[in-house]
Amino acid sequence: MRLAWKEILRRRGRFLSVGITLLLINVLVLFLVSQLAGLDSGQTGAIRALDADLLTFDAGVDQSLFRSSVPVAAVQRARSVSGVSDAGAVGVLFGTGRTQVEVVPDDLFDMSVFGYEPGSPGEPANLVAGRLPRADESGVGAIDARARTDGVALGDVVYFAESDRPIEIVGFVEDSSFQLQPTLWVGLDTWEELLVAVRPERVSDDQRANLLAIDVESGADPDAVAQALDSGLTHTESVTTADAIAALPGFSEQRRTFLTIVGMTYLATAIVITLFFALITLEKSEQIGILKAIGARTRDLTASVLAQSLLLAIPAFLGAAALTLLVGAALPPELPFTVDTQAWLTVGLLTATVSVIGALLSFRRISRIDPANAIGGAGD
Amino acid sequence: MTEQVVVTRDVSKVYGSGHAATTALREASIHLHEGEFMALLGPSGSGKTTLLSIVGALLTPTSGEVTVAGEDVTRLTARARSGFRARRIGFVFQHFNLVPFLTAAENMLVAAQFASVPRHEAQARVARLLDELGLAGVRNQVPSRLSGGERQRVAIGRALMNDPDVILVDEPTANLDTKLGTAVVELLAHEIRSRHKAGIMVTHDVRMVDFTDRTVEILDGTVRC
Ligand SMILES: Nc1ncnc2c1ncn2[C@@H]1O[C@H](COP(=O)(O)OP(=O)(O)OP(=O)(O)O)[C@@H](O)[C@H]1O
Ligand SMILES: [Mg+2]
């Protein structure tokens, strides 16, 4: 091990260049992973904020929030399905928000409105300031904290789309954006008022929302409850919240794209590390022969290469983590960037693994070096 | 009566097989006792390095017996041979062959690492050897900043590090001028005798024979005493 460390110290130049390459690759990967996490949470926040175990959609709409339409009366029937502890209707509208009653282009921002039954599943989690609307109130809402960057403060009034119904902001909810836009959370009645104002074509005789948020009794199997729901209700498709998120348009594709890039980057990393150690092993083969002749075992020498690979990978990852945090902190807030500790740890682990594998590949080369060549022969 | 440290009996070595087979050594028998320094002379290709490598457990003979420091070397496993070389044999190579990024002291220390000598003890030995070999002033220099003679003395120090039974030296003066070469061989002879080691030195240079106790000649793989 001492030999390994001394070599790094005394051959700083070459190890530094590979170390910096590794560090930059790690910055790239950590940045990608954090952007993906930012995109993921920005797109799915509202769904996760519903804090429901299951979501019940209209059947045959591919779990599309907007195309799904479920009668609010189904909530009562859902509650009586065995394994369901509570249910609530959720309505969704997607459009623009503004803070002044007159439409001023500068004032417009994209916003979706989620209507829910206060006190029932579908009520947003993660309230960070103020309060949530109460069941007996109308014209009040809590908004995603993201809207602060659009200039919305507690006590302000916002308007949705073409409606001139003022909604007073009484609270901020964190991590509840939908498709990277802030969500306005209002009671179902207020949501219906907005629906009538801006989407009259969607209003029907029976009261309808877009989906049901379902809480499952503790200990019950969510999949079984989903099945029971769909046989107890008519024409519905119940899925877990995680499945609903995976079915969001583009969500899985986006993951796949990012993870493919990350995978390719690791392939490149593996190649860089493998080639580096193959090269320095080749370059040192005479020296390795000498060390073997004076008693070093292949195992000692491989361990030394392994130690070197970790001495490269670990500082490179830590340096990259620090650098990425700095870059992340300097990013404008509208760029999606979320530090997902678990994903970062995975990146660190992958870097270490890839480095160790790359280093291990030089084992064969080391083991084939014949110590007998060390003696006499070299000059003749 | 001193002990025989190196005994080879009818050792033969054939490299390759079939058409490509080369017989490098034919039934070579040598013996060497404690404190004895032997010169191995012979023309190029006569089998000197091959014999040295067999004694040093770097090569296994095709046939014959080899006993070094009481061990039947031919029966050692590959792993045991590494340990045997680390503890029993000190090599000095023609090309100095020091680790380029280690200092003089570290090049000596590294040998102790392979023989599992405790670090503090190894440090003490290095300090003693550096003094004895006149290297104390350059202990922290890397090989590229040492003269040829200093490098070869570091190599001798490395060979002596683990207090081996046998010192094997292959053309130690090939890369040195006559004066330096003579000094190095003189030093080697002194170290071998004063420490009661057995030493074998391969050389082309007949003048170096003066420093040894005995000369063995090889011709076409056959030893003539
Ligand atoms: N690895 C090997 N494979 C095949 N033949 C070899 C090998 N090593 C040595 N030989 C052959 O064995 C014979 C003896 O070689 P060796 O290296 O022992 O000679 P040497 O006396 O040390 O010569 P020199 O004075 O040139 O160093 C030579 O004919 C050489 O070509
Ligand atoms: Mg030779």
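**Exercises on a predicted two-chain model**

In this predicted model, Arg10(A) and Glu106(B) form a salt bridge through their side chains, with 2.6 Å from N to O.

**Exercise 1.** Explain why the pair Arg10(A) and Glu106(B) counts as a salt bridge.

*Solution.* Step one: the rule asks for a side-chain nitrogen of Lys or Arg within 4 Å of a carboxyl oxygen of Asp or Glu. Step two: the N to O distance between Arg10(A) and Glu106(B) is 2.6 Å. The pair therefore meets the rule. Step three: two salt bridges are found across the interface of chain B and chain A.

**Exercise 2.** State how much area chain B and chain A bury between them, and how many residues are in contact.

*Solution.* Step one: on each chain, 27 residues are in contact with the other chain. Step two: the two chains bury about 2,500 Å² between them, and carbon and sulfur atoms carry 63% of that area.

**Exercise 3.** Decide whether chain A is a compact globule or more spread out.

*Solution.* Step one: chain A has eleven helices and twelve strands. Step two: for 380 residues the globule rule gives 21 Å, but the radius of gyration of chain A is 29 Å, well over that value, so chain A is more spread out than a compact globule. Step three: along the principal axes, the C-alpha atoms of chain A fill a box of roughly 100 × 50 × 30 Å.

Conventions: Residues are numbered from 1 along each chain as its sequence is written. Chains are lettered from A and ligands numbered from 1 in the order in which they are written. This is a predicted model: local features need pLDDT of at least 70, side-chain atom pairs count only at pLDDT 80 or more; totals for chains, interfaces and linings use all residues. Side-chain values use heavy atoms; hydrogens and water are left out. Contact means heavy atoms within 4.5 Å. Buried area is the accessible area (1.4 Å probe) that two parts lose on being put together, summed over both. Helices (H or I, at least four residues) and strands (E, at least two) are DSSP runs, numbered from the N terminus. The radius of gyration is taken over C-alpha atoms; the globule rule is 2.2 Å times the number of residues to the power 0.38.
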